[in-house]
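Hi,

Here is the structure I promised to pass on. Have a look through it first, and my notes on the salt bridges follow below.

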Amino acid sequence: MARSSYNTFDSFSSAGLGKSKYSLPQQSSKASSGTKRDGRLTAADYLLLKVSAFISAIGVLAIIAYAVFGSRALSHSWNTIIKVPSRLKNDVTKGTAFLDHDKPISAFAGKTFLKHNIPFIDIPDSLVQDVYYYRWTTIQRNLRYIKAGTGYMCTEFVQPVGYARAFGSIDAAAGHQIDESRWLRDTLYGDDYIHLYTRGPADALQYTQWILDAASRRAMVTGDSDYLATQLDDMVRVWNLWDSVYDNAAGLYYYQPVWDAQELSLPGFIADPNGTDWDLRKDGPDTFRPSHNAYMVANARAIARAAKLARNGLLEVQFSKLADDLEEAMYKRMWAPEQQFFMDIIRPNNPNLTRLTGREQVGLFPYRFGIGLNKSYAQPAVDAMFDPEGFLSTYGPTTLEIRDPWFYAVKPDDYCCYWNGMSWPYSTGHTLKSLAEIYRSQTTNATAEQYFLYLKMYAQTQQKDGQPYVAESHYPFLDSWSADSWNHSEHYDHSTNNDDVITGLFGIIPQQDDTLVISPIVPANWSYFALENLPYHGHLITVLYDKHGSRYNVGKGLTVFVDGTEVHNGDSKSASISVPPPILPDEPFVNIAANPTGPGQYPAINATFTNSEDYHYKAIDGVLFYDTIPDNRWTNDGSSNLNDTLTVTFARPRNISSVTLALYSDVARGGVIDVPARIEIYGPHGLLAVVNDSSSLLPNDRNEVNFDTVEARSIAVNMYRKSSKVYVGVCELEVWTPPVPGPTYYAVDAYLTGQDTSVVLDDASVLTANGAVVGGLTSDSNVAFSGIVSSGGSTSLALSYSNAGNSTVVLSVEVNQVIQTSLRLVPSRGKYVDVTATVTLATGKNYISLRGGSDNVDVKLETLKLV
């Protein structure tokens, strides 16, 4: 499987070009003298940039000719053929087209992503429906491509924050993000993101989380049980990270509420009632919390399921027991009979484990994980949810009961997050799932109308200026967001909404086998609803309910289609259907232009002009959205040139056959940026492709330009403005290629950290045309390879290196964040030699990190090979 289809242009054949007046000189592959060069742009690269500038200069004359004589004056025979191809090689599925797939997303950017990926819906409530479509754009905005081999992740804030961890990851809402993105048709987003936590450098201990549980439930949607089974050892590693905060005597886990993503919550106010210790009040004391412990129960059961799939009976029994024991401890310690609620327990100075008396929304979280679903536990939860003195508010539910003395209906200051009263989408997502589980347990008086009331209340909360919108937190009784910082909180991706619509309202209940259960929670008076082209096990499912048979014209009652074929029709709104065996995706293409770090790492990017408020590196940072604010783009606004050029330079020559431009346009919003009048793509031998017809370009969307494969270290994109008063902009420049198949992986493609670690060019290396290797290895260096594909088991690694010094340098070898061995790099007189070591790799994609170096010895790394 590859990325989704989008606007695509087939180039003229470069073989018939001859020599263009715009030709760029061939770059020198080696330096003329010397054996040691740094990784900065070579003289040939600078020449490329000078020619790019020259293009901009002559572009003034060219654009006049273009304007006077029409596009044919410059196009000659180089007209492009427009089509929208798919690189889903085994995508034989087809859906249905009962619903309008254009109008619901017409106001959004990135329409091709949405149209390809999302399920479409039709329900009698426009408020909930409009929020549903909007929330897909919040996921789209927060998907970030890190680099080739690592792939995608989900961010929480569209702009990076200082406390984020690797690549901007924050694990607090990762479970929500996995739950939400599992319903996208392309599975690479979730596959990559889960790997970042199970095998990659993302911190799964920063905040409490239910990532393993989310990964397990996602596997029931994709049907890829092998993917989950192969994560077993990694899941156990993540579980064991929490050992240090487990209290053997209590049988429970503890954490400060701030790291349960709940600062300024009840435990902090109880511990600091007089407000004399801000840090204690804000962060809270170590606390046994229902949320955290429920997550751990769910994660343990996820490991048990993975163990069963991997046929590891010992681990299956072990983690099933761990889950059962922890759940029992929750009933014993946390359930308060007098409060009829799961309660917090402050740990310090509390030998008797006395529970708090205030009821917090986190006490509603366990039910979503199957904990407390019998009547004695579940009915009090339902009562509290709909009690006006409990959690029910106009824009609720609230994070603390309204009747509690510490409840705040408004914030006392500008601090973002007061979780002792504000309405928080993060918690609302949990609560909706708990209410759905309670309803389906049939142990309480909960009704479908009550579920929809909560869902609609949530949609009513997610509004701003009359439009769907989500930020950090909302006042419970005021129609205003209580935390909504400019260029920061917009489209905050910290909760679910669409997963609740799909699994709750529409009742899509994924199964471990080749079946699907449909059990909607819809009001009794609804006469119709539709969910179209839902991805499930690699197939597309359409669910139509039409009481009278006149809305969709396929008959009365519930009708279900699989891949466009009707498989069920019945009077009941519920059904259990069989689906064909899962269809698993191909290996996705990788974006070799992505640079998550900026200057100092490859790929590098240069522009002939950049607006002072924009940044050219934002065109390759892997972040893609098209908003005016928050901003993430390069533009030439203010340039005196009528055409400007972006040039991307790779660490080594790469085989390239397309460039994808996510073009920014704000003219419809009163701005001055629009799609180019003309686009030219240049490689090392000259002009590769031309797009002359600006009307064929999609504004605020991806546009792919294809051409004959060329080996290039640099690629230049020259864009002409439509007029002297209109400029051009790019939100992301992508170069998608097949992944490196192995067994050889280039060090210069790895993610490099360390003060002096960088790409350098060395004539002694002959494996790349330009002699690109990694140098500057010191004690703080990390050369992190990702996407190392293996069938699993014991494997020999061969590292090609040179050591120009007189002493041995030792590098530690980490595989999927676990130190396994070390490599001794003995002196080699500057020649490239191999050193080998044996490691155990996991099935699928692996992360291999080589850490360390020497402050005194010149060591360079060339390749890592599986032998």
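Is Lys115 buried, exposed or partly exposed? Lys115 is partly exposed, with a relative accessible area of 42%. Keep in mind that this is a predicted model.

Lys115 has a partner: its side chain meets that of Asp102 in a salt bridge, at 2.6 Å from N to O. Lys115 sits in helix H3 (residues 111–117) and Asp102 in the loop between strand S3 (81–83) and H3, so the bridge ties together parts that are 13 residues apart in sequence. Asp102 is partly exposed as well, at 45% relative accessibility.

Another pair to look up is Asp344 and Arg289, a salt bridge whose closest N and O atoms are 3.0 Å apart. Here distant parts of the chain are linked, 55 residues apart: Asp344 is in the loop between strands S11 (341–342) and S12 (345–346), while Arg289 is in the loop between strand S9 (287–288) and helix H12 (290–309). Both Asp344 and Arg289 are buried.

Then there is Arg851 with Glu814, a salt bridge of 2.9 Å, N to O. Arg851 is partly exposed at 32% relative accessible area, whereas Glu814 counts as buried at 11%.

Some bridges also share partners: Asp179, Asp213, Arg217 and Arg368 are joined that way into one network.

Cheers

Conventions:
Residues are numbered from 1 along each chain as its sequence is written. This is a predicted model: local features need pLDDT of at least 70, side-chain atom pairs count only at pLDDT 80 or more; totals for chains, interfaces and linings use all residues. Side-chain values use heavy atoms; hydrogens and water are left out. A salt bridge is a side-chain nitrogen of Lys or Arg within 4 Å of a carboxyl oxygen of Asp or Glu. Helices (H or I, at least four residues) and strands (E, at least two) are DSSP runs, numbered from the N terminus. Buried means under 20% relative accessible area, exposed over 50%, partly exposed in between (1.4 Å probe, protein chains only).
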